[in-house]
Amino acid sequence: MTGRAYPDEAAADFEAPPSSFEDQEGRQIDLAVATGADYEDLVEMYQAFDPEDRAQGVPPVRDEAIRDWIETLLSDECVNVVARDGAVVVGHATLVPDTPPTEDDGGDYELAIFVQHEYQGAGIGTALLKALLGRGQDEDVEKVWLTVERWNEPALALYRSVGFVTANAETFEMEMAIRLH
Amino acid sequence: MYVLVGVDGTDASLTALEQALERAREAGDDLTVAVLVDADAAGDSLASTVRSTVDDSSVDASVTDVNGTPASSLVELADREGYDRLVIAGGRRSPLGKINLDSFTEFVLLNATTSVTLIR
């Protein structure tokens, strides 16, 4: 990707997980940093994921591809936060390094967020996104970018609400970016 | 089927070439490989990579160099020569696995009157 423009100013501080809140449907949702121990619960979430909510080929569909993909995301250099309703993972957000951090530069990370269909529209995406960015700030992540389909208004509104700006409008998918430090 | 595959030297485009050769072997396609010369920063190396890939495949495909802006030159060749199908790579994967269509793919999809196959 070329020509990506990050905002000059860093975003506000976001609160890192763990935290809990009541969503707009009255469900108690717990946010926590994901570790290897969350692997099977994440596999379960993506096995049940509504195909209609897939974007740009992720999450994968086949079981083996789902497992490979989650293994990659849970590696040490990535940042992951999950949202749970009781024991069940209902949302997941991740930062994957594009260019790794150096001494002078916190590196570029690609962001993605997924919420189970029946948990969408209840404020979980916003809370999960803020928690991920908070964890990213704690981990000294400096720059975060994402791509989103131009017609996906709910996603565009969500990203704008936490401070993402358009970083490259000349690409097929909209590219957005935020600076964390 | 009269098939044109466009190769710009990216890994994905070389995968598209392999798959087009594989299909040509099975289906008996009349295959032409367009080497998008201007997309190849390394100069002649792409053309020789393509030629040796074709030779190794034992498919009787022709290889042609295409100069000029890669996307528009490829589309023009496909439409002008009356190919049945234009084959190109189907986008790049981002670090976390999302498919992104670059401007090359977008131009070909929107401007070709030949049917386009994207290879994943």
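Is Arg85(B) buried, exposed or partly exposed? Keep that one in mind for a second, and remember that what we're looking at is a predicted model.

Okay, the answer: Arg85(B) has a relative accessible area of 28%. Buried would need under 20% and exposed over 50%, so 28% makes Arg85(B) partly exposed. Where does Arg85(B) sit? In strand S4 of chain B, residues 85-89. Setting aside neighbours within four places in sequence, Arg85(B) is in contact with Met1(B), Tyr2(B), Val3(B) and Leu4(B), and also with Thr114(B), Ser115(B), Val116(B) and Thr117(B). Leu46(B) is 39 residues away along the chain, and there the C-alpha separation from Arg85(B) is 23 Å.

Now over to chain A, and the insides. The largest nonpolar core has 36 residues, and Leu111(A), Leu133(A), Val144(A), Tyr159(A) and Phe164(A) make the most contacts inside it. Several elements of chain A supply at least two residues each, among them strand S2, helix H3, strand S6 and helix H4. H3(A) gives the largest share, seven residues.

Take Val144(A) as an example. Not counting residues up to four places away in sequence, Val144(A) touches, among others, Tyr6(A), Leu95(A), Leu111(A), Phe164(A) and Met176(A). There's also a second, separate core of 20 residues, including Met45(A), Tyr46(A), Phe49(A) and Leu73(A).

Last stop, the hairpin. S1(A), residues 19-22, runs antiparallel to S2(A), and four bridges join them. Phe21(A) has Ile29(A) as its bridge partner in S2(A). Five residues lie between the two strands, and in this hairpin Gly26(A) takes a positive phi near 80°.

How values were computed
Residues numbered from 1 in each chain as written. Chains lettered and ligands numbered in written order. Predicted model: local features only at pLDDT ≥ 70, side-chain atom pairs only at ≥ 80, totals over all residues. Heavy atoms only, no water. Core = buried A, V, L, I, M, F, W, Y, C linked by side-chain atoms within 4.5 Å. Buried < 20%, exposed > 50% of the residue type's maximum accessible area, 1.4 Å probe, protein only. Contact = heavy atoms within 4.5 Å. Pairing = 2+ DSSP bridges.
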